[in-house]
Amino acid sequence: MRDDSAMLGETVPLCNASDLVDGGDAVPFDVRYFGQTCRGFAVRFRGKAHAYLNRCTHVPMEMDYQPNKFFDITGNYLICATHGAIYSPETGEGRGGPCRGGLVKIALSEHDGVVHWHTGPHLKPIEF
Ligand code: FES
């Protein structure tokens, strides 16, 4: 998957860079995806921050049974707690279990100690 985060859409502050601990808990955030309010989550893996829509490809439901816990026991994959689909933390591609394709990736950038997510054609900030 291309990493063209710097060229996409507007940027929306998500969290402090230090909030994302390598292999640790995710930071959740809300987005509008095709007009629907959805949860996203950001994690850090091998030093780099990644974010995805919190929606399993098996059944379109949130993946974390324990809030913000997405890494499997090996620390190498993101896992859906419901039926155990696993995904690459770096690309969101399905790697095992009942996944059907990959997670929806949300582009991130990180500078001056802050992580931002990037809007896209179908991915917008929540309106207040
Ligand atoms: S809903 Fe995620 S594995 Fe079934």
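Student: What is the order of the strands in the open sheet of five?

Tutor: The order is β8-β4-β3-β2-β11, and the pairing is antiparallel. Strands here are DSSP runs (E, at least two residues), numbered from the N terminus. This is a predicted model: local features need pLDDT of at least 70, side-chain atom pairs count only at pLDDT 80 or more, and totals for chains, interfaces and linings use all residues. Residues are numbered from 1 along each chain as its sequence is written.

Student: What makes β8 and β11 edge strands?

Tutor: Each of them, β8 (105-106) and β11 (123-124), pairs on one side only.

Student: Why do β3 and β4 count as a pair?

Tutor: Two strands pair if DSSP finds at least two bridges between them. β3 and β4 have six bridges, in the antiparallel sense, so they meet that cut-off. Gly40 has Leu53 in β4 as its bridge partner. In general, strands of a sheet pair through backbone hydrogen bonds, either parallel or antiparallel.

Student: Which strands form the open sheet of three?

Tutor: They are β5-β6-β7, in that order, with antiparallel pairing. β5 and β7 (94-96) are the edges, each pairing on one side only. Two bridges join β5 to β6 (residues 86-87), so the pair meets the cut-off of at least two. In β6, Tyr87 stands opposite Leu78.

Student: How do you know that Val115 is buried?

Tutor: A residue is buried with 20 or more other C-beta atoms within 10 Å of its own, exposed with 12 or fewer, and partly exposed in between; C-beta atoms are placed from the backbone. Val115 has 23 such neighbours, so it is buried. Val115 lies in strand β10.

Student: What does Val115 contact beyond four places in sequence?

Tutor: Contact means C-beta atoms, placed from the backbone, within 7 Å. The partners of Val115 are Leu14, Cys15, Ala17, Leu20, Ala42, Ala49, Leu108 and Glu110. Ala42 is 73 residues away along the chain, yet its C-alpha atom is 9.3 Å from that of Val115.

Student: What makes a set of residues a nonpolar core, and which residues have the most contacts inside the largest one?

Tutor: The set must be buried Ala, Val, Leu, Ile, Met, Phe, Trp, Tyr and Cys residues, joined through C-beta atoms within 7 Å. The largest core has 29 residues; Val27, Phe41, Ala42, Val43, Phe70 and Ile106 have the most contacts inside it. Two or more residues each come from β2 (27-33), β3 (36-45), β4 (48-53), β5 (78-79) and β10 (114-118). Val43 touches Leu20, Ala26, His50, Phe70 and Pro89, leaving out residues up to four places away in sequence.

Student: How many helices and strands does the chain have, and why is it called as compact as a globular protein of its length?

Tutor: The chain has zero helices and 11 strands. Its radius of gyration is 14 Å, close to the 14 Å that the globule rule gives for 128 residues, so the chain is as compact as a globular protein of that length. The radius is taken over C-alpha atoms, and the rule is 2.2 Å times the number of residues to the power 0.38.

Notes. Helix = DSSP H or I, 4+ residues; strand = E, 2+ residues; numbered from the N terminus. Contact = placed C-beta atoms within 7 Å.
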